[in-house]
Amino acid sequence: MDAAQLVQLEAEAWASDQQRQLYSTPLIPGFPWYTVAAAASHSVRRHVVPYHYTFRVFVKGRWIGRSLLDIYSEEHTHHSRQYYATCMQRGLLRRQPRTNHNVRRGYMKRSYGVDQPSKSDGVEDVSQSIILERGDLVLHTVHRHEVPVCMGTTGVDPIVLAAVRITAYGLLLIHKPAGVPTHASGRYFMNSCTNMLEYVLAPKRLRAWLLQRDPLLQSLVSTRHLTEEECQELLAYYAVEEGVTDAGECVPIERLPRPCHRLDKVTSGVLLLGVSQAATRRVGEALTRKTKQMEEVFLRQLLGFAADDTNNTRVDGVRTINAKILEEFDVGVRKRYLARVHGCFPNRALHVLSAGGGTQGKDADAQRRSAADDGIFIATMANHTPRHGDGSGEDAVCGVGPPVLLASPLAQLQFRNGDTAEEPVARNDEGKQQREPVQQAAATFCQPLRQFASGSGEQRDEGETLVQCVPFSGRMHQIRIHLSDWGHPIIGDASLSAMEQQQSSLYAPASPHCEGTATHDVESKEGIKLYFCMDDLPAVYREGFHKHDALCWECAGRLPVASFGNQNSSTIALHAWQYEIDHHLLRTCVLDNAAVGTDETVEAKDEKEVEPQNYEQGHAENDGKETVVNLCCCMRDVRRHQDEFVQRRGKYVVFFAPLPAWSLD
């Protein structure tokens with residue numbers, strides 16, 4: 001579905017009373033999203049109509065004993081002190097004493113509507129300083145303008161619900177388009193994968209989305225790949241009995257789909273969601289535990305390997321490591337990514353090494369902590385078991401260039417534990433603890449798969465390369481930083497050096513000619529600043545439902561709604577292609593069929609009991625002889641499973657995402 005069709009459907013949805021009732025939420029009286037084609041940036045984005053929202057937050061330790069007005073004026077400086085004082089006078093910013101509320105933390109961010117003070121809350125005298133106490137709740141009602149998202153390559157690519165495995169594993173598999181945050185945070189709420197999925201799963205919309213394939217709901221989360229059996233399984237789990245009061249507005253909190261792992265906003269591909277808090281916790285903790293186990297054991301073994309003189313084989317001056325060693329290192333979890341990088345990989349990495357860049361900028365201690373003396377190994381194929389497709393040309397395992405293991409430490413920023421008089425932690429002018437630079441050991445296997453003759457940017461003459469990346473540790477932005485550090489940054493990715501991070505221009509003051517106006521996009525040296533334009537709203541909503549908020553700085557053009565074109569890129573050429581997880585690891589996490597959403601597991605069941613229906617049994621029979629999934633692959637492997645998103649390969653369950661267009665062009 002293209003942008004023009006979406007705009008038409010959105011306008012029709014607001015014009016129909018029946019459709020408004022179907023699409024409405026406690027916050028918005030109709031379909032929340034509208035589509036805009038931005039002229040300046042030549043892109044299509046999905047916006048959320050402005051709405052009033054109450055932020056609820058418990059008093060933090062550093063706030064106790066201080067004035068509410070002072071805290072908000074000092075810690076939320078994108079608005080003036082006068083703005084917060086006016087909010088307090090109008091009851092939009094207030095304190096709710098601990099004796100007057102009984103709020104569970106799990107319910108704090110749910111969209112239950114705008115806060116309305118009750119008579120029992122009483123009215124505080126705002127002319128006097130309101131001092132915060134332990135256990136108090138602070139409520140701030142704002143006119144919220146969410147940051148618009150450019151979903152995938154077209155700007156309106158839907159999230160794809162690719163597989164339902166509630167009975168088997170307690171999981172949903174979705175394919176996340178680049179440009180959409182995984183979960184709500186900061187200025188993203190409804191414009192996030194979890195909230196879009198929660199929106200279509202709401203009982204009053206569930207059948208229209210799943211069975212009737214409502215086009216607007218399908219434009220958010222598509223079910224085009226689901227079988228009839230999977231649709232019925234999803235319906236049975238999320239449907240609510242008719243007649244239940246207020247059951248239609250929200251998914252029960254105990255059945256909210258929650259991400260089992262993180263995926264950056266700019267990254268596309270495989271995302272696993274648990275269908276309950278218990279399932280998410282078990283799968284997420286299992287993945288984290290296995291990743292840490294791999295990280296600790298592998299990096300220790302790599303350090304020993306690098307120190308062993310008998311392993312000091314070199315190719316053109318670069319140390320080597322047998323790929324079989326990497327392949328046999330198995331902890332039950334392996335994640336594969338595809339990246340399109342600048343240059344002919346790994347030529348620039350080897351050039352950086354020859355120029356001394358492997359340890360450049362690191363002090364002596366950091367160099368000693370490195371997993372390898374040079375920070376890079378060439379993975380040799382000696383004694384490698386031949387596979388279908390090995391040979392020459394694009395199907396060869398090494399047909400493009402040698403695979404390498406990048407093992408240099410990463411520069412990260414972290415909060416330090418412990419605050420002593422001898423070594424006090426760094427704090428800013430407001431007394432908040434600041435993150436400090438640290439060096440963390442990391443290892444990423446990178447195998448070039450295909451080279452593209454044409455390139456972009458400064459490395460245009462060197463072309464571009466499609467690379468398979470397998471992380472052997474779990475550092476933040478590990479693949480992106482490793483490739484950037486070794487001279488092959490991912491297409492579309494800005495510098496990720498922790499020491500070169502720049503302050504976002506999102507909250508910079510508006511240009512003088514923008515104040516009080518409704519300008520679409522404004523170009524500046526920082527990029528494109530996007531300001532709210534009321535003319536872009538659906539006509540029926542604009543004329544009958546939109547209410548201008550005199551206090552809202554976005555409505556007045558004093559703050560941009562979003563800033564694009566600087567370091568905060570919407571998409572990069574990085575794709576979570578394949579997740580391989582031990583079947584037994586998933587089975588210990590699955591919930592009993594009759595107790596989904598509780599803390600029961602199948603671990604206590606009799607081993608002879610028949611397992612729940614296994615969708616991958618056919619694949620397990622076909623691939624059962626393959627007990628080890630090879631680390632290296634070829635382009636034929638990459639293209640093989642375009643329509644098979646969950647498979648059994650021996651002891652592994654493999655979750656796939658289809659290839660992005662940039663991996664084939």
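The model is a predicted one, in which local features need pLDDT of at least 70 and side-chain atom pairs count only at pLDDT 80 or more, while totals for chains, interfaces and linings use all residues. Residues are numbered from 1 along each chain as its sequence is written, and side-chain values use heavy atoms, with hydrogens and water left out.

**Overall picture**

Let's begin with the whole protein. It holds 18 helices and 25 strands; helices (H or I, at least four residues) and strands (E, at least two) are DSSP runs, numbered from the N terminus. Of its 665 residues, 54% are buried. Here buried means under 20% relative accessible area, exposed means over 50%, and partly exposed lies in between, with a 1.4 Å probe and protein chains only. The exposed surface comes to about 30300 Å², and carbon and sulfur atoms supply 48% of that area; the areas come from the Shrake-Rupley method with a 1.4 Å probe, and for residues only the protein chains shown count as cover. Among contacts (heavy atoms within 4.5 Å) with a separation of 6 or more, 74% are between residues 24 or more positions apart.

**Strand β13 and its partners**

Strand β13 covers residues 333-342, and ten of its ten residues are buried. Two strands pair if DSSP finds at least two bridges between them. β13 runs antiparallel to strand β23 (residues 574-582), with seven bridges joining them; in this pairing, Arg336 has Gln578 of β23 as its bridge partner. β13 also pairs with strand β19 (residues 464-471), again in the antiparallel sense, over six bridges. There, Ala339 stands opposite Val467 of β19.

**Salt bridges**

Side chains of opposite charge can pair when their charged atoms come close. A salt bridge is counted here when a side-chain nitrogen of Lys or Arg is within 4 Å of a carboxyl oxygen of Asp or Glu, and the count comes to 16. Three of them are set out below.

| Pair | N to O distance |
|---|---|
| Arg46 and Glu10 | 3.2 Å |
| Glu74 and Arg66 | 2.6 Å |
| Asp264 and Arg262 | 3.1 Å |

Arg46 forms its salt bridge with Glu10. Arg46 sits in strand β2 (residues 43-48) and Glu10 in helix α1 (residues 3-15), so this pair ties together parts that are 36 residues apart in sequence. Both Arg46 and Glu10 are buried.

Glu74 is partly exposed at 36% relative accessible area, and Arg66 is partly exposed at 27%.

**A look at Arg20**

Finally, consider Arg20, which lies in helix α2 (residues 17-23). Arg20 is buried, with a relative accessible area of 16%. A polar atom of the Arg20 side chain lies 2.6 Å from the backbone oxygen of Trp14. Setting aside neighbours within four places in sequence, Arg20 is in contact with Ala13, Trp14, Ala15, Pro29, Gly30 and Phe545.

Note on methods. A polar contact is a pair of N or O atoms within 3.5 Å; within protein, one must be able to donate a hydrogen and the other to accept it, and residues adjacent in sequence count only if both atoms are side-chain atoms.
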